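Here's a quick tour for anyone opening this structure for the very first time. Have a look at the sequence and the model, then read on.

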Amino acid sequence: MEQRLANSWRMTVNEKKFIETALLSELRVDGRGPLEYRRLTIKFGKDDGSAMVQLGETRVMSFVTAQLVQPYRDRPNEGSLSIFTEFSPMADPSFEPGRPGESAVELGRVIDRGLRESRAVDTESLCVLSGQLVWAVRIDIHILDNAGNLVDAANVAALASLSTFRRPECSLGGEDGQKVVVHPPEVRDPLPLIIHHLPIAVTFGFFSDEYLVIMDPTYQEESVMTGRMTATVNANGDVCAIQKAGGQGVLQKLIMHCLRLAHVKAGDITTKIKEAVEKHNTERALRKIKRHSSVSVDVCGTTARLGEKQNPLDGDKDGSCLDQLKLKDEGNFMECEATPSGHVQSSQGDGVSKNFTGGPSSWDPYSECVNSDLLKASLASRGPSGNVKQKDSGSAPKPEEAPQEIKKDSSPIDTALAAEQNNEGKTLKDAVKPKNRRKKRAPTNSGN
């Protein structure tokens, strides 16, 4: 009772007498009744397995981690569960840094006994490879503020963090099937722990009067009480563990009365923990990345979406259309290589390529802004006598039918439209060539 003795040194005799007198009148310093519990608040962190519990002014934080280790020889198919406590001097001046004191060791043992002896966590499910690798779960409990009854607050924090903890999924691989593969959360969803029940710790305080009992003692009441008992009970009424501290004797019927009270309180706390965990899991599911359906692409007049079943006949039609597009695109590409720059050939593949919007080679960012009929008419009106650069002689022979086809396709209406376009404005090609001609004529005139 190192903590209780440290608290008693800071309290005066008058304060102790005032607390005892108030308790005899069934009144407490904070206004509660003898068997009333303080307000319990449970919060969870962003990471899985982290929780902070506030019981009145007492604040405790818990964090759960796991790692793969070799199992014990006497239990090759079971994982391990260990609890570590840290009492910071910021929580209470009586706590000293470094080696844990008596109160820290007692706190860890009470919580560990309630979880391990009652088989609350299924340790056999933590086995990955029998006799070689198992999961070792570790619970770190940090005391942030000590306002009394650290055991109950730390026990709730440990249960809340265990309920939200998720370990990575493992699988066996390799040639002999003895290689353990740990899958990251991005590949496979982590797995929660299998928890059979929630052992809840409820602490009672005893005083010099043998019939005076209080529940959930505060920081000041701990310095006055002469005995303490912590009963770990689940919602079904099963007694998981009992811890009796102090030299005060307790009657048997008083112990049975405390166990009945602990059973009722354990059901209320279990409901609060489950509601908080369910709310946290809902928020966690909403934080996951939402996968949107793929954008539909119109190919040959059909719409295809990922995840939707298509008729096999329709799929054959789509495949035939794509093959035709590929053949026509390749044909157009060969014609472009054979045709000198400055001449444009018209083919039926142009109409198909306009309708096709998903191909990588048939899309032209300027195709929507150019009228093909006006372009043909303007090229026909100029004729093949313009200054056109040709490719090397080693290339394919020049097809002479291209200008003739353009002339055949041209009509009086196209010629009129081309004339109107020349009057209204010039294209980029028509605007550049006269400029180059003037630059070439200027030096000849100056030389003459």
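Let's start at R119, which sits in the loop between α3 and β5; helices here are DSSP runs of H or I with at least four residues, strands are runs of E with at least two, and both are numbered from the N terminus. This is a predicted model, so local features need a pLDDT of at least 70 and side-chain atom pairs count only at pLDDT 80 or more, while totals for chains, interfaces and linings use all residues. Residues are numbered from 1 along each chain as its sequence is written, and side-chain values use heavy atoms, with hydrogens and water left out.

**R119 and another positive phi**

- R119 isn't a glycine, yet its phi is positive, at about 55 degrees.
- With 43% relative accessibility, R119 counts as partly exposed; that label covers what falls between buried (under 20% relative accessible area) and exposed (over 50%), using a 1.4 Å probe and protein chains only.
- E26 is a residue other than glycine with a positive phi too, near 60 degrees.
- You'll find E26 in the loop between α2 (13–24) and β1 (40–44), and its relative accessible area of 56% makes it exposed.

**The whole chain**

- The chain has 448 residues, and 36% of them count as buried.
- Take the contacts between residues at least 6 apart in sequence: 72% of them join residues at least 24 apart. Contact here means heavy atoms within 4.5 Å.

**Where α3 meets α4**

- Two packed helices are described by the angle between their axes and the distance between the axes.
- For helix α3 (residues 102–116) and helix α4 (residues 150–164), the angle is about 50 degrees and the axes are 10 Å apart. Axes are lines fitted to C-alpha atoms, for helices over the stretch in contact, and angles run from 0 to 180 degrees between N-to-C directions.
- That makes α3 and α4 oblique to each other. Angles under 35 degrees count as roughly parallel, over 145 as roughly antiparallel, 65 to 115 as roughly perpendicular, and the rest as oblique.
- On the α3 side, the contact uses L107, V110, I111 and L115, while α4 brings L150, V151, A154, N155, A158, L159 and L162.
- What classes do the residues in the contact of α3 with α4 fall into? Ten are nonpolar, one is polar and none is charged. Ala, Val, Leu, Ile, Met, Phe, Trp, Tyr, Cys and Pro count as nonpolar, Asp, Glu, Lys and Arg as charged, and the others, Gly among them, as polar.
- N155 belongs to helix α4 and is buried, at 4% relative accessibility.
- Setting aside residues up to four places away in sequence, N155 touches I111, P199, I200 and A201.

**Where α4 meets α6**

- α4 also crosses helix α6 (residues 252–286), at roughly 35 degrees, with the axes coming within 10 Å.
- α4 passes α6 in a right-handed crossing.
- V156, L159, S163 and T164 of α4 meet I269, I273, V277 and H280 of α6.
- By class, this contact of α4 with α6 has five nonpolar residues, three polar ones and no charged ones.

**R116, at work in α3**

- R116 is part of helix α3 and is partly exposed, with a relative accessible area of 42%.
- Which residues does R116 contact, leaving aside its neighbours within four places in sequence? They are L81 and S82.
- R116 and L81 are 35 residues apart in sequence, but their C-alpha atoms are 7.6 Å apart in space.
- The R116 side chain reaches the backbone oxygen of L81 at 2.6 Å.

**Two aspartates in loops**

- D92 lies in the loop between β4 (80–87) and α3.
- Is D92 buried or exposed? D92 is buried, with a relative accessible area of 1%.
- The side chains of D92 and N146 make a polar contact at 2.7 Å. A polar contact is a pair of N or O atoms within 3.5 Å; within protein, one must be able to donate a hydrogen and the other to accept it, and residues adjacent in sequence count only if both atoms are side-chain atoms.
- D122 is in the loop between α3 and β5.
- Not counting residues up to four places away in sequence, D122 touches I194 and H196.
- D122 and L193 are 71 residues apart along the chain, with 7.6 Å between their C-alpha atoms.

Note on methods: A crossing is left-handed if the near helix is turned anticlockwise from the far one by less than a right angle, and right-handed if clockwise.
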